[in-house]
Amino acid sequence: MGVTQIKSRHPPLFYFILFVLGMSGTVLSWPMDQKNIKAPPRRSLLKPVAHTNRLLDAFEPDSRARIDPHVQPVTLVLGDVVCEAGGFLEYVYFPKGAVLSLLTVLASGAAIETANIGNEGAFGLFAAMYSRTSFNQCLVQLQGGLVRVPSEILRAEFERSDHVRNLLVSYSETQLAQVQQTAACNSMHTIQQRLCRWLLMMHDRAETEELSYTHEFLAHMLGADRKSVTLAAQDMQAAGLIGYQRGKIQIVDRPGLEKASCECYAMVQARFNAFLTPPSTAVQGNTKGRIKLP
Ligand SMILES: [Zn+2]
């Protein structure tokens, strides 16, 4: 599966608008030093974001020296399909500003997002460890930098390096935690809480304060009907949390959005921020009802 199988759903003018929006800001900076992991800094109107990938940058220099000659930049836009459910995983994709969405697709054709991947991780890692086909459909949820590496190159590093094995297993556990939290969120929390969670995750990774999403796209991501999403967005707009105009969502009150979200956003973020730390010190996201680790 490569770029030749990628399909586009939007007219050229739409891409041009996204491109202009994407060029108007800078990118969020994530910590890279495994010995000094900190939470990502809170952003203001300007978002200082580095076009890097935390997982790829955590590889040992020897591994990077072998991988780097095979890294290929990929240009994709919002809604492009990276891999269909059941598709062959020829490459591993590392977002460097882009966000990829993993959707579980049902026999009816209905789909719902069960995880998303930003510049903390990668899509297609299972191909480097064992499986060669994707369980999920993967599409571009936020346009931005993206590179890919042939699966067999990463598989060779996975078999050669303990360090790479630990990284890929730690990230896989983090992604599994996100899938589990999202499954609970989708069935137990309100549309508005879920919409807050989703917007916060995109806001963390976007280059601007403005997110270009229609209610129809949001409904698709959240597995909800469009009317419910519109009503939730109207309530959030009335509360001064967001602005919405012609497919563009403005994050107006970030702290208010965090307060209105369910706990799922913070739980998943804590995992994302900790997956490069040694297991004994990893953040477990303690909240009411959860066992507090020593
Ligand atoms: Zn939730």
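These legends walk through several close-up views of one protein chain.

**Before you look.** This is a predicted model, in which local features need pLDDT of at least 70 and side-chain atom pairs count only at pLDDT 80 or more, while totals for chains, interfaces and linings use all residues. Residues are numbered from 1 along each chain as its sequence is written.

View 1. Helices (H or I, at least four residues) and strands (E, at least two) are DSSP runs, numbered from the N terminus. Of the 294 residues in the protein chain, 40% count as buried. A residue is buried if 20 or more other C-beta atoms lie within 10 Å of its own, exposed if 12 or fewer, and partly exposed in between, with C-beta atoms placed from the backbone. Among contacts in the protein chain with a separation of 6 or more, 72% come from residues 24 or more positions apart. Two residues are in contact if their C-beta atoms, placed from the backbone, lie within 7 Å.

**View 2. An open sheet has three strands in the order β1-β7-β3, with antiparallel pairing.** Here β1 (72-73) and β3 stand at the edges, each with a single partner strand, so one side of each is left without a neighbour in the sheet. Helix α5 (residues 151-160) packs on the sheet and touches β3 and β7, its direction making about 70 degrees with that of β7. Axes are lines fitted to C-alpha atoms, for helices over the stretch in contact, and angles run from 0 to 180 degrees between N-to-C directions. Two strands pair if DSSP finds at least two bridges between them. Two bridges join β1 to β7, and Q72 stands opposite R148 in β7. Six bridges join β3 to β7 (residues 145-150), with K96 opposite G145 in β7.

**View 3. Strand β3 (residues 91-96) is mostly covered.** Six of its six residues are buried. Y91, Y93 and P95 point one way from β3, whereas V92, F94 and K96 point the other way. In a regular strand, side chains alternate between the two faces of the sheet.

**View 4. I153 sits in helix α5.** Is I153 buried or partly exposed? I153 counts as partly exposed because it has 18 C-beta neighbours inside 10 Å. Not counting residues up to four places away in sequence, I153 touches I67 and H70. The C-alpha atoms of I153 and V71 are separated by 9.8 Å, and these two residues are 82 residues apart along the chain.

**View 5. Strands β9 and β10 form a hairpin with two residues between them.** In the turn, R246 has a positive phi of about 45 degrees. Strand β9 (residues 242-245) pairs with β10 in the antiparallel sense over four bridges, and Q245 has K248 as its bridge partner in β10. Three bridges join strand β8 (residues 210-212) to β10, again antiparallel, and S212 stands opposite K248 in β10.

**View 6. Helix α6 (residues 162-188) meets helix α11 (residues 264-274), their axes coming within 9 Å and crossing at roughly 175 degrees.** That angle makes α6 roughly antiparallel to α11. Angles under 35 degrees count as roughly parallel, over 145 as roughly antiparallel, 65 to 115 as roughly perpendicular and the rest as oblique. T174, A177, Q178, Q181 and C185 of α6 make the contact with C264, M267, V268, R271 and F272 of α11. These residues divide into six nonpolar, three polar and one charged. Ala, Val, Leu, Ile, Met, Phe, Trp, Tyr, Cys and Pro count as nonpolar, Asp, Glu, Lys and Arg as charged, and the others, Gly among them, as polar.

**View 7. Helix α7 (residues 191-205) packs against helix α9 (residues 226-238) at an angle of about 75 degrees, with their axes 9 Å apart.** That makes α7 roughly perpendicular to α9. I191, Q192 and L195 in α7 meet partners in α9 including S228, V229 and M236.

**View 8. The largest nonpolar core has 68 residues.** A nonpolar core is a set of buried Ala, Val, Leu, Ile, Met, Phe, Trp, Tyr and Cys residues joined through C-beta atoms within 7 Å. V92, Y93, L100, L195 and L199 touch the most other members. Helix α7 gives the most to this core, with eight residues. Leaving aside neighbours within four places in sequence, L199 is in contact with L211, I249, I251 and L257.
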